[in-house]
Amino acid sequence: MDEYGKNEILFSEAIGVCRVSEILNLSSNKKDYIRYYLLISVFDRNKSSYIPVSSHHVLLRPLITVEEAHNRENAENLSMQEKQEIEYVLQKDRKEQTDV
C-alpha cells in the first residue's frame with residue numbers, strides 16, 4: 001500500500017480529489033496509536049475524512065495523468081468525483097502551460 005505525504009493531492013473514493021491535510025496518531029485507549037490521514041476535499045473544504053494509513057478499505061490513489069484525463073473527459077457513466085478529478089487535472093495542466 002502506498003503512503004502519501006502531507007499536502008499531497010490524491011483521489012479518494014470517499015471524497016474525490018483531496019489533499020492530505022495531516023497525518024495523525026489517534027488512539028481510542030491511549031495505548032495503541034494508529035496513524036490516520038486527514039483528507040480534505042479540494043472541491044468542498046467542508047468535506048473531510050479520516051483514513052488509516054495502513055489497512056484502509058477506501059481506495060486511495062494518485063491522480064490520473066493529463067493523457068488519461070483527456071481520454072476520459074467525454075466518457076459516459078462517470079461519477080461526480082471522477083468528473084471532478086478530470087476537471088482538476090486538466091485545469092492544473094492548463095495553468096502550468098500558461099505559467100511557462
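A residue is termed buried when its relative accessible area is under 20%, exposed when it is over 50%, and partly exposed in between. On this scale Phe 43, with a relative accessible area of 34%, is partly exposed in the predicted model. Buried residues account for 30% of the 100 residues in the chain.

The chain contains 2 helices and 5 strands, arranged from the N terminus as β-β-β-β-β-α-α. Its C-alpha trace spans about 50 × 35 × 25 Å along the principal axes. Of the contacts between residues at least 6 apart in sequence, 40% join residues at least 24 apart. The chain exposes about 6,900 Å², of which carbon and sulfur atoms supply 46%.

A search of the whole structure returned 2 aromatic pairs. In the pair of Tyr 4 and Tyr 37, the ring centres lie 6.1 Å apart and the planes meet at 55 degrees, so the pair is classed as tilted. Tyr 4 belongs to the segment before strand 1 and Tyr 37 to strand 3 (residues 33-41), 33 residues apart. Both are buried, Tyr 4 with a relative accessible area of 7% and Tyr 37 with 1%.

Phe 43 and Tyr 88 have ring centres 6.5 Å apart and planes at 75 degrees; the pair is therefore edge-to-face. Because Phe 43 lies in the loop between strand 3 and strand 4 and Tyr 88 in helix 2 (residues 80-99), the pair ties together parts 45 residues apart in sequence. Whereas Phe 43 is partly exposed, Tyr 88 counts as buried at 18% relative accessibility.

As to charged groups, the chain carries 13 positive and 17 negative side chains, and the centres of the two sets are 8 Å apart. Arg 61 is placed over the face of Phe 11, at 4.2 Å from the ring centre.

Conventions. Residues are numbered from 1 along each chain as its sequence is written. This is a predicted model: local features need pLDDT of at least 70, side-chain atom pairs count only at pLDDT 80 or more; totals for chains, interfaces and linings use all residues. Side-chain values use heavy atoms; hydrogens and water are left out. Helices (H or I, at least four residues) and strands (E, at least two) are DSSP runs, numbered from the N terminus. Buried means under 20% relative accessible area, exposed over 50%, partly exposed in between (1.4 Å probe, protein chains only). Contact means heavy atoms within 4.5 Å. Accessible areas come from the Shrake-Rupley method with a 1.4 Å probe; for residues, only the protein chains shown count as cover. Lys and Arg count as positive and Asp and Glu as negative; His and the chain ends are not counted. The place of a charge is taken as NZ of Lys, CZ of Arg, CG of Asp or CD of Glu. Rings of Phe, Tyr and Trp (its six-membered ring) pair if their centres lie within 6.5 Å; planes under 30 degrees apart count as stacked, over 60 as edge-to-face and the rest as tilted. A charge sits over a ring if NZ of Lys or CZ of Arg is within 6 Å of the ring centre and within 35 degrees of the ring normal.
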